[in-house]
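Here are some notes for a colleague who is opening this structure for the first time. Please read them with the sequence and the model side by side.

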Amino acid sequence: MEEHVLDVKNLVKFYKGLGGLKKVLAVDQLSLSVKKGEVYGILGPNGSGKTTLMKLIMGLLFPSKGQIKIFGSSVKKLSIKKRIGFLPEEAYLYRFLSAEETLKFFAELADVPRREQKTRIADALHVVGLFEARKRPSRTYSKGMSRRLGLAQILIKDPDFVVLDEPTVGLDPIGSREIKEIILGLKERGKTVLFSSHLLSEVEMVCDRIGIMHKGKLVLTGHLNELLLRKNEYSLVLEGFDIGRQSELEQVLQKSFHAKVISVNRSRETMEDVFIKTIKKHAS
Amino acid sequence: MILSRKTFSLARITSLEIIRLNLFWVLAAFSGIIVIFTKTFSVYSTNIQINMVQDIGLVLIAGVNTFLVVILVAWILPREVENKTIYGFFTQSVRKVDYVAGKFFGFAFILFLMTFFLSFLLFVYVWLSFDVRAYHIFTVALFSYIANVILLSITILSSTVLTGSVNIFFGLFVYMMGSFNQSLEYLVERSMEIPLLKAGLITVLKIIPDFDRLNIRDEVLAGIPIHWEELWSYSMGSLLLYGGVCLITAGIVFSRREF
């Protein structure tokens, strides 16, 4: 039996209005499970209930109905919280502390042994690219830097389960790519990651499984490959091909393989690739 | 163990936050300047001057600390909830009571620093100006410190449910009621005619700590005898009672609150 890191069953969350009246249904009968070592992406438009779900999982909100188990226990247990790293939608930092001081403080809160703190902090700062700016107060950081500091807070803790709420929101393509690489790095190290996003490409790049949320419900779930691959349809990428001879190729494919060419397009790079290549070229 | 190592990490960061605020240093410098210049503006005889300098200095020590509690503490804690900085703690393995206690000790340390700095300055100034070693300055300042720590614990509790601006008014209200507690009780006893309202108001006044009782400035400066045993037991009892009840309740409120 596969080990589930997160198990959510029939979760319901109402936000109460004035006088305790039930007003808004933010999460509606939602069930999901995340297996050990997988990256699970929650996709959904703004207001679909992603952040509410993340807060419920982290114990910042309480369920109206249903249950949430992390590593088989309630998130209220401190021993469970030790194993979880959380990056909220915005990294809310103490603006008067530098990155180094922030990480030292959070290392103390996360019970990181004193002798390991220095190394872990330096490593995390290198990974998120803030080592040079480590002495600056975080109030001078850009949004992207604050976000990366938020991620570094998670890295020093070295948790088994990482929950990220819109981790790339407000970041430029380079910052966004770096965060995706960090998520992939976490996966390589066997960590379980749950993250929410409304950016489809982002989810496609890093997730094993996804769930699509709409009006508080999980309306579609599945493995990325199951959801994205079309049955019996393949793309052939050719180099040095003379496009003038397209009909000859189509005939060969039809005759020898009984395959019909549906479309012929020139390969394109993504805008993100072009942007990153250009910036890197000019930077070097 | 009631308090953990994390409580002290939180207390350290809380103190650091206040120390890195420009307002803290402006307040310390302003108070220091007033203490030093009090004598310059007075035209009275030396004996009156000694008392006046001490009186103004001690009022300042109590006032600056009350200002720190009512304005800064009352504002900083709700701001952590509003800014969601609190997510950083409550998603870690930090007990709510550790957070509350950490904040309490951090602020209490700042009050101690300010009280000690200003009373030491006042002591040295009185010594150098009048050749009088007024050790009682430290005693009076200590009791005003205890009063402010009690106010601090109440403000921390109210921070768990009130917004920053409302909390500032609440802190001021408690301070004012506590400072005129006995006079208000006397007034209510004499003037209120509706028994239920009278009983209600008297209960409220009894719940609010009697800060006036911890203000021994006039008695000390006028040489009026003080019942020290009674004062010590009242101050320590109040400190333990209000501190304990407020911090535990604040921890419980936080653990039942959504963020």
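1. In chain B, helix α6 (residues 136–159) packs against helix α7 (residues 164–179) at an angle of about 145 degrees, and their axes lie 10 Å apart. Axes here are lines fitted to C-alpha atoms, for helices over the stretch in contact, with angles running from 0 to 180 degrees between N-to-C directions; helices are DSSP runs (H or I, at least four residues), numbered from the N terminus.

2. This is a predicted model, in which local features need pLDDT of at least 70 and side-chain atom pairs count only at pLDDT 80 or more, while totals for chains, interfaces and linings use all residues. Residues are numbered from 1 along each chain as its sequence is written, and chains are lettered from A, with ligands numbered from 1, in the order in which they are written.

3. Where α6(B) meets α7(B), the residues from α6(B) are B:Leu151, B:Ile154, B:Thr155, B:Ser158 and B:Ser159, and those from α7(B) are B:Asn167, B:Phe170, B:Gly171, B:Val174 and B:Tyr175, contact being C-beta atoms, placed from the backbone, within 7 Å.

4. Between the chains, the contact takes 17 residues from chain A and 19 residues from chain B. On the side of chain A that touches chain B, α2 (78–81) and α3 (99–109) of chain A each supply at least two residues, and the largest share, three residues, comes from α3(A).

5. B:Ile207 is found in helix α9 (residues 195–207) of chain B. The C-alpha atoms of B:Ile207 and B:Gly88 are separated by 34 Å, the two residues being 119 residues apart along the chain.

Technical notes:
Contact = placed C-beta atoms within 7 Å.
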